[in-house]
Structures are given as structure tokens and as C-alpha cells.
Amino acid sequence: MLKPKVLTELLAQETTGGIMSTILLKSNGSLLAFAGSGDKEARVTAAIASSIWTAYHSNIKQSFHTESLNFVLMDCDDGKVAITSISDLLLCLHSKKSVGLGLLKTKTLALAKYLEGPLSELDHAVA
Amino acid sequence: MESDLESAVEELMQERGVVGVICTNQEGLALTVDGSASEVHAGLVSGIAQEARKLFPEIDLSPIVVLESDTCNLLIRSHEGTTTGVFKVPS
């Protein structure tokens with residue numbers, strides 16, 4: 001069984017040291033859980049992250065001659081964004097500009113690895 | 001998660017002559033930067049460490065690389081997937 005409070009607490013643990021928001025979303029862009037800045041902002045970030053992931057995922061075969069997209073890192077004017085997939089969901093971390101890309105990637109992968117087991121069990125239960 | 005790394009870098013910055021510190025992962029992405037070090041140095045520091053390692057394939061520990069200029073020295077070493085670069089003013 002999925003415990004929303006525990007999930008939010010886990011995401012909040014990652015939302016430190018320059019990480020502004022940690023968002024777990026469905027592949028269609030709808031918000032599943034988040035920690036960090038405002039609810040409205042998280043919904044917008046989730047929708048944009050999903051859109052970017054879907055765009056790369058659908059074109060990856062032609063662009064990179066591979067079947068699966070593992071990770072997207074973006075360095076923007078006002079911050080940095082990391083997106084990765086966990087079973088059928090997406091995990092998105094949005095950080096300040098001062099956070100190193102390597103640290104952002106490490107934190108995202110650590111959380112994804114931790115959540116992968118429970119979330120894939122949930123996925124099997126729903127299916 | 002990153003507090004240990006940041007406190008180690010802060011400690012290093014207190015050493016005499018140290019003006020900048022950068023830590024990178026194996027992919028050349030910055031983990032943390034401080035002082036005069038910049039995130040744009042990450043790929044170069046990581047690349048130098050990887051190339052230097054090829055010169056000494058027989059040893060387990062990666063070599064320390066020292067780059068000397070008139071105004072600043074840069075010491076680079078990799079350990080367990082993390083490369084550290086320390087910028088020091090020559091004494």
C-alpha cells in the first residue's frame with residue numbers, strides 16, 4: 001500500500017541544499033506527490049517536465065539510436081532540472097543555479113533507486 | 001546527503017593558500033564548487049585526471065596531477081569515482 005505521507009516525507013528529505021522542489025509525476029504530467037515550493041508551481045513544473053521527457057522519449061530512436069531514455073539534465077538561466085523515470089512514473093528535481101549538475105544527478109538517481117522497489121510493486125498491484 | 005562533502009570542502013578552503021576547490025563525478029559533472037573554482041572547470045578537471053591515469057596503468061591509486069602557472073597552481077586527484085581539484089596560490 002502506498003502511504004502518501006511517507007512518500008512526501010521522502011521527497012522532502014531530498015529537498016535540501018539548493019533543491020527547490022522534488023516532484024513525482026505520472027507520465028501524462030499529472031502530479032502524484034511533491035515537496036518544496038508552492039502547489040501551483042509544482043503542477044506547472046510537472047507538466048513541463050513530462051512534456052520534455054515525452055518529446056525526447058518519442059524521438060530518441062532516431063536521435064540517439066537507442067531504445068530507452070534514462071535521464072534528462074537541463075541547465076537553465078534560473079536553475080537546473082533533472083528528470084528520470086521510475087517504472088511508469090517520472091521523478092523531477094528542480095534546483096537553484098548554484099547546485100552542481102553532478103550533485104543534482106546523484107541525488108536524483110539515489111532517490112529513484114530507493115523508490116524503484118516500492119513503486120514497481122504498486123505498479124504490478126494496479127496492473 | 002551532501003553535507004559531508006560540503007563540510008570537507010569548507011575545511012579544505014581554510015587551508016593556507018587554497019583559493020578554490022572543485023569536486024566532480026566520473027562524467028565530469030560538478031558535485032560542488034567553492035572559491036575561484038567554477039562549474040565550467042568540471043569537465044576539464046575530470047578529463048585531466050582520466051588522461052593522467054592512462055600514463056600509470058600499473059598502479060591502483062590514481063596519480064596526483066599538478067599544473068603550475070605564475071599566479072595559481074592546480075592539484076588534481078581522483079578517488080573512488082570522484083575527482084577533486086584544488087586551486088592554490090604559489091607560496
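User: How many residues of chain A are in contact with chain B?
Analyst: Bear in mind that this is a predicted model. Chain B brings ten residues to the contact.

User: Which strand gives the most to the side of chain B that touches chain A?
Analyst: That side of chain B has five nonpolar, three polar and two charged residues. Four residues on it come from one strand, spanning residues 30–35 of chain B. That top contributor is β2 of chain B.

User: Which strands stand at the edges of the sheet in chain A?
Analyst: Chain A has an open, antiparallel sheet of five strands, ordered β2-β1-β5-β4-β3. An edge strand here has a single partner, so one of its sides is left without a neighbour in the sheet. In chain A that applies to β2 and β3.

User: What stands opposite D75(A) in β4(A)?
Analyst: β3(A) and β4(A) make a hairpin, with four residues between them. Their pairing is antiparallel and runs over five bridges. Across from D75(A), the residue in β4(A) is K80(A).

User: At about what angle does helix α1 of chain A run to β2(A)?
Analyst: Helix α1 covers residues 4–14 of chain A. It lies across β1, β2 and β5 of that chain. Its angle to β2(A) is about 45 degrees.

User: And what angle does the direction of α2(A) make with that of β1(A)?
Analyst: α2(A) packs on the sheet too, touching β1, β2, β3, β4 and β5 of chain A. Relative to β1(A), its direction makes an angle of about 60 degrees.

User: Which residues of α2(A) are buried?
Analyst: The buried residues of this helix pack against β1, β2, β3, β4 and β5 of chain A. As a rule, residues three or four places apart in an α-helix point the same way, because there are 3.6 residues a turn. For α2(A), the buried set is A42(A), T45(A), A46(A), A49(A), S50(A) and W53(A).

User: Where does α2(A) bend?
Analyst: The helix has 26 residues, 39–64, and reaches 35 Å from first C-alpha to last, close to the expected 38 Å. There is a bend of about 45 degrees in α2(A), and its place is S58(A).

User: Which residue just after α2(A) takes a positive phi?
Analyst: α2(A) spans residues 39–64. Just after the helix, a phi of about 55 degrees turns up, and the residue is H65(A).

Notes. Residues are numbered from 1 along each chain as its sequence is written. Chains are lettered from A and ligands numbered from 1 in the order in which they are written. This is a predicted model: local features need pLDDT of at least 70, side-chain atom pairs count only at pLDDT 80 or more; totals for chains, interfaces and linings use all residues. Helices (H or I, at least four residues) and strands (E, at least two) are DSSP runs, numbered from the N terminus. The expected span of a helix is 1.5 Å times one less than its number of residues. The bend at a residue is the angle between axes fitted to the seven residues ending there and the seven starting there. A residue is buried if 20 or more other C-beta atoms lie within 10 Å of its own, exposed if 12 or fewer, and partly exposed in between; C-beta atoms are placed from the backbone. Two residues are in contact if their C-beta atoms, placed from the backbone, lie within 7 Å. Two strands pair if DSSP finds at least two bridges between them. Axes are lines fitted to C-alpha atoms, for helices over the stretch in contact, and angles run from 0 to 180 degrees between N-to-C directions. Ala, Val, Leu, Ile, Met, Phe, Trp, Tyr, Cys and Pro count as nonpolar, Asp, Glu, Lys and Arg as charged, and the others, Gly among them, as polar.
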